[in-house]
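Visitor: Please take me slowly through one part of this structure, and tell me how its side chains meet those of the rest of the chain.

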Amino acid sequence: MAEIEAAAGLSPGAGGLYRHFKSKYEVLAAAMHEHAARTRIQVADSLAELSSMEGSADLEERLSLVCRAGLAKVREESELTRVFFRDLSQFPELVAVVREGLLQPMFDAITGWFRAQPEYAEADLDWTGIGAVLGGAVVHYRLFQETVGETPGHAEKDQFVSAWVRLAVGLLPAPAHAPVS
């Protein structure tokens, strides 16, 4: 709470924050709701920007941008992540706000993005499962780095993005082979 007070320009530890909020729960709830609203807007804006690139960038470049945008978003939320793991077990109703307002929109967005790409139009795949796996990999990469202090498998960010793109490209249906005469 002292860190929040300092960030808000109040005297840390003096209790000034409680003139605006009645409890720690109200502070966390306000922060979670604000983050959820901001995340929905950011995800929609990022995907709209990526969609506008369809004609000018190849699939691998677009996939790389999607992965990097996801990594950046998870990194941007690192303070929230720390609070989430430290304090939210005390407030289970706020877990739903994080799940439905921050995490699920990311998974829904990645699933929708894949479905909308022309290269995947003919692919009959479980996009929800694929969004969970690929989105989960992005979240895991950053969470592992934040909690353990190094990247999973010591993979540098560029290595991770490259492997993520290769996995996503591998989802494309194989080209039909010409009949052998």
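Guide: Arg38 is partly exposed, with a relative accessible area of 28%, where buried means under 20%, exposed over 50% and partly exposed in between (1.4 Å probe, protein chains only). This is a predicted model, in which local features need a pLDDT of at least 70 and side-chain atom pairs count only at pLDDT 80 or more, while totals for chains, interfaces and linings use all residues. Residues are numbered from 1 along each chain as its sequence is written, and side-chain values use heavy atoms, with hydrogens and water left out.

Arg38 forms a salt bridge with Glu76, their closest N and O atoms being 3.8 Å apart; a salt bridge here is a side-chain nitrogen of Lys or Arg within 4 Å of a carboxyl oxygen of Asp or Glu. Because Glu76 lies in helix H3 and Arg38 in helix H2 (residues 24-51), this pair ties together parts that are 38 residues apart in sequence; helices (H or I, at least four residues) are DSSP runs numbered from the N terminus. Glu76 is likewise partly exposed, at 40%, and Arg38, Lys73 and Glu76 are linked in a network of salt bridges.

The structure holds five salt bridges. In another of them, the side chains of Arg62 and Glu119 meet at 2.6 Å, N to O. Here too distant parts of the chain are linked, with Arg62 in helix H3 and Glu119 in the loop between H5 and H6, 57 residues apart. Arg62 is buried, with a relative accessible area of 0%, whereas Glu119 counts as partly exposed at 30%.

The aromatic side chains come next. Rings of Phe, Tyr and Trp (its six-membered ring) pair if their centres lie within 6.5 Å, and planes under 30 degrees apart count as stacked, over 60 as edge-to-face and the rest as tilted. By this rule the count comes to six aromatic pairs. Phe114 and Trp164 form a tilted one, 6.4 Å centre to centre with 50 degrees between the planes, and since Phe114 lies in helix H5 and Trp164 in helix H7, the pair ties together parts 50 residues apart in sequence. Phe114 counts as buried at 1% relative accessibility, and Trp164 as buried at 2%. Tyr120 and Trp127 make an edge-to-face pair, 5.3 Å centre to centre and 80 degrees between the planes, and both residues are buried. Trp113, Phe114, Tyr120, Trp127 and Trp164 form one aromatic cluster.

Trp127 also belongs to helix H6, which covers residues 127-148. Thr111, in helix H5, is buried at 7% relative accessibility, and a polar atom of its side chain lies 3.4 Å from the backbone oxygen of Trp127. Leaving aside residues up to four places away in sequence, Thr111 touches Trp127, Thr128 and Gly131, contact meaning heavy atoms within 4.5 Å. The buried residues of H6, including Trp127, Ile130 and Gly131, pack against helix H3 (59-76), helix H5 (92-116) and helix H7 (157-169).

pLDDT is the predictor's confidence in each residue, from 0 to 100; the protein averages 82, and 89% of the residues score at least 70. Where pLDDT is low, the predicted coordinates should not be read in detail.

Key
Helix = DSSP H or I, 4+ residues; strand = E, 2+ residues; numbered from the N terminus. Expected span 1.5 Å × (residues − 1). Polar contact = N/O pair within 3.5 Å; in protein donor to acceptor, adjacent residues only side chain to side chain.
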